[in-house]
Amino acid sequence: MGVIGCAVATSAVLLINLVVTIWAAAHYGIEDGIGTIQNGGCDTTKTLSLWSHFAINVLSTAMLSASNYCMQCLSAPTRQDIDRAHAQHIWLDIGVRSVRNLLHISRTKTLLWILLALSSIPLHLFYNSAIFSTLSAREYDILTISPNLAVGKFFNATAVPRDALNPRPYDHSYSDEWAFPPYPRSRLIEYGLSLMRDFNNTSVWQRMDNRDCIQKYGRQFISTRSDFLAVSHALNDSFSIKFIDTAYPKTDNGGGPSYNWMCDLYPDAQHGTNNEQCRLDLLLPKATKWAIRSNRLNEPSYGMAWQPDLVDYCLSRQVKEECRLQFSLALLIVVIMSNFVKAACMIVIVYRHDDTPLITLGDAIASFLDDPDSTTQGNYVALGDSFKQCKWTQHRRWTRQPRPWATKKAYWFSSSSWKRWISYNTL
């Protein structure tokens, strides 16, 4: 009955995994093998992730417990297995999930045991990883603004220059086709009007000194901040806002980190083959007179004629963290396949193996009382060492003789062999 219950439980888990995976793929959609369950506030994502992994752990516990029970049933010898082993001067384990017993039971049972064991590996490795949360990194614009605009005193939208005076910079090493289009004039006006409206709202814009600016934005991934506005006296009311660059989060170090723009005017704070790595430890001492590169006001094209704009302080747009709860379709398929293997093995056990294994010591005692083993009958308490030392006569009969009782202090760790301690702790 125990194996039947295990087969039913594992089949139920398989059905749940299959239905939920198909529904999630159809409902949320799949892009590059990943589906997005939720995209928004991190608190909501954490709650959903907690309950999702709680459900996963309940299902995996049921499945792995059933698998463990069936593996112990498979490795448990029958009375016929024990009699055959004793006739060959071999002893078998009873009451534990024994690997050495696999050499002395039927090949079908051994194969099923191996399949159950191997199918547990993907479940341990991938089940909890199939659903995961991610923190969204922000890209941000870098602009310079005038001191009056920074405090909401003055902004003349009609004075914002045409797009050609606010180019997106590009690297000379690339061809012209890599040049970005000009930064939209409407976006600059939007920034200006936003500052006039919210300049005193500390929940939107945070004022920081140069050192804090470098430390907060000198990171590969930024999640709680977006646009960076450098306040500089190089700009005035007639030209109060200017686009510098856009920083994108990067998943590798190719071309340097996303904050390299901080060191554009400081070659001594850069390192690498092509000076592509900005070193904040070398830049921070220059924070009080920190300047960022900017295109000249009279450069009408994608101008590469840079000028330094000395930064007085900066304004940082504060945003809420965005998180995603996602799932990997490939990992879920691997889990379902492993689940299917376990369910199939258990069904085979139910229908193909109707023998009676000696799973516990009580089963063995009852069997030997009802039907004594002729090979070892009259041998009193035969120790495992007796088998190992091959205390058999030349007529292949056990030497029957009384064994003196010796009082010996026993320790808990001695209940298992040192080989098993090493193997299981290694695993």
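Analyst: Skipping neighbours within four places in sequence, tyrosine 140 is in contact with Tyr217, Ile222, Ser226, Asp227, Phe228, Asp245, Thr246, Ala247, Ser258, Tyr259 and Trp261; contact here means heavy atoms within 4.5 Å. Bear in mind that this is a predicted model, where local features need pLDDT of at least 70 and side-chain atom pairs count only at pLDDT 80 or more, while totals for chains, interfaces and linings use all residues. Numbering starts from 1 along each chain as its sequence is written, and side-chain values use heavy atoms, leaving out hydrogens and water.

Tyr140 belongs to the largest nonpolar core, which has 27 residues; Tyr140, Ile214, Phe228, Trp261, Met262, Leu283 and Trp290 have the most contacts inside it. A core, by the way, is a set of buried Ala, Val, Leu, Ile, Met, Phe, Trp, Tyr and Cys residues joined through side-chain atoms within 4.5 Å, with buried meaning under 20% relative accessible area, exposed over 50% and partly exposed in between (1.4 Å probe, protein chains only). Elements giving two or more residues to this core include strand E3 (140-145), helix H7 (210-217) and strand E5 (225-231). H7 supplies the largest share, three residues. Helices (H or I, at least four residues) and strands (E, at least two) are DSSP runs, numbered from the N terminus. There's also a second, separate core of 18 residues, with Ala7, Cys70, Leu74 and Leu116 among them.

Cysteine 213 is joined to cysteine 314, S to S 1.8 Å, and the link is left-handed at -105 degrees about the S-S bond. That pair ties H7 to strand E11 (residues 313-318), 101 residues apart, and both cysteines are buried.

The structure holds three disulfides. In another one, the sulfur atoms of cysteine 263 and cysteine 278 sit 1.9 Å apart, and the link is right-handed, with 45 degrees about the S-S bond. Cysteine 263 is in the loop between E6 and strand E7 (270-271) and cysteine 278 is in strand E8 (residues 277-278), so they connect parts 15 residues apart in sequence. Cysteine 263 and cysteine 278 are buried too.

Cysteine 73 is in no disulfide either, with the sulfur of cysteine 70 the nearest at 6.1 Å. Cysteine 6 is buried at 10% relative accessible area, and cysteine 73 is buried at 9%.

Key:
A disulfide is a pair of cysteine sulfur atoms within 2.5 Å.
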